[in-house]
Amino acid sequence: MLKLYIVQPIMGYGVAKVLDSTHPDYRKGDLVWGMTGWEEYSLVPASDRLFKIQHTDVPLTYYTGLLGMAGMTAYAGFYEVCSPKKGEYVYVSAASGAVGQLVGQFAKLLGCYVVGSAGSKDKVELLKNKFGFDAAFNYKEETDLDAALKRYFPEGIDIYFENVGGKMLDAVLLNMRVHGRIAVCGMISEYNNDRPEPVHNLMYIIGKRVRMEGLLVGDFYHLYPKFVEMLIPYIKEGKITYVEDIAEGLESAPAALIGLFTGRNVGKQLVVVSHD
């Protein structure tokens, strides 16, 4: 069980307005996104933790997700780690989350066949009807994940965007195609376990020459300008849809955080501290 000992504000990605600055790159009134505290006012000593917001003609909340860390994670994992090709078969787990919903849409824009999984009927419908996935399923209703994947991918999976781990990863490994790629973004099934859940099918990586690579978005922030240049037109043309789950007030932050581990949220979980 993960234990937190709070001696300072919890840090997380946020959007903020600069009230005062001694740094030459930031002036009073600038809008920024990056690491801030769970608090009304933050002192940020390191400028490399912030990105100045250049495009204010899109919702500022997008910089906490779509145009922020979640968007960069989806972009880096799909395009840079997985090197996708038109027509490939793509599977995304935890697909209705902040990152997964974007990976699926990027794949569809490229011309891939995309299937996602989520943990409720409403989320499955969201994937198919709002985000444009070719198919989706509720993993909680599947007693045999291997059989479920074979049903949706009779010819196998080229790209798996991994957000879950455990039994899901085990089933995916049985269904990867030769020279498949797996971007390991997260393993939500493992975060609250006292001991790791074993994965039994790793040997399939060898015969199928599957490349499996961990993903930390911080390694790719140098590509942020390229990412924004690609995404802003998609947003303005309505080719990318993004769903946010917004809680009001700093006092709602603990419940919003806990909800992430029970699947309560739909889309990117945000907490509005101030509308100013």
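## Helices on the sheet

In this predicted model, helix H3 (residues 121-129) lies across strand S5 (113-118) and S6, running at about 170° to S6. Helix H4 (residues 145-152) packs on the sheet, where it touches S4, S5, S6 and S7, and its direction makes about 165° with that of S6. Contact means heavy atoms within 4.5 Å. Axes are lines fitted to C-alpha atoms, for helices over the stretch in contact, and angles run from 0 to 180 degrees between N-to-C directions. Helices (H or I, at least four residues) and strands (E, at least two) are DSSP runs, numbered from the N terminus.

Residues are numbered from 1 along each chain as its sequence is written. Because the model is predicted, local features need pLDDT of at least 70 and side-chain atom pairs count only at pLDDT 80 or more, whereas totals for chains, interfaces and linings use all residues; side-chain values use heavy atoms, with hydrogens and water left out.

## The parallel sheet

The sheet is open and consists of 6 strands in the order S6-S5-S4-S7-S8-S9, with parallel pairing. Its edge strands, strand S6 (135-138) and strand S9 (211-214), each pair on one side only. From one strand to the next, the twist averages 15°. Two strands pair if DSSP finds at least two bridges between them.

S8 and S9 pair in the parallel sense over 4 bridges. Valine 184 stands opposite glycine 214 in S9.

## Salt bridges

The structure holds 11 salt bridges, each defined as a side-chain nitrogen of Lys or Arg within 4 Å of a carboxyl oxygen of Asp or Glu. One of them joins the side chains of aspartate 57 and lysine 236 (2.6 Å, N to O). Aspartate 57 lies in the loop between strand S3 (50-52) and helix H1 (69-81) and lysine 236 in helix H7 (residues 224-236), so this pair ties together parts that are 179 residues apart in sequence. Lysine 236 counts as exposed, at 52% relative accessibility. Buried means under 20% relative accessible area, exposed over 50%, and partly exposed in between (1.4 Å probe, protein chains only).

The side chains of arginine 177 and aspartate 158 also meet in a salt bridge (3.3 Å, N to O). Arginine 177 lies in strand S8 and aspartate 158 in strand S7 (residues 157-162), so the pair ties together parts that are 19 residues apart in sequence. Arginine 177 is partly exposed, with a relative accessible area of 28%, whereas aspartate 158 is buried at 7%. A further salt bridge links the side chains of glutamate 142 and arginine 151 (2.7 Å, N to O); arginine 151 is partly exposed, its relative accessible area being 48%.

## Two loop residues

Serine 93 is placed in the loop between strand S4 (89-92) and helix H2 (100-110). With 0% relative accessibility, serine 93 counts as buried. Beyond its neighbours within four places in sequence, serine 93 is in contact with Ser117, Tyr160, Phe161, Glu162, Asn163, Val164 and Met168.

Glutamate 197 lies in the loop between strand S8 (176-184) and helix H6 (204-207) and is partly exposed, with a relative accessible area of 23%. Apart from neighbours within four places in sequence, glutamate 197 is in contact with Gly166, Lys167, Ser189 and Glu190. The C-alpha atoms of glutamate 197 and lysine 167, 30 residues apart along the chain, are separated by 8.1 Å. Their side chains make a polar contact (2.8 Å), the term denoting a pair of N or O atoms within 3.5 Å; within protein, one must be able to donate a hydrogen and the other to accept it, and residues adjacent in sequence count only if both atoms are side-chain atoms.
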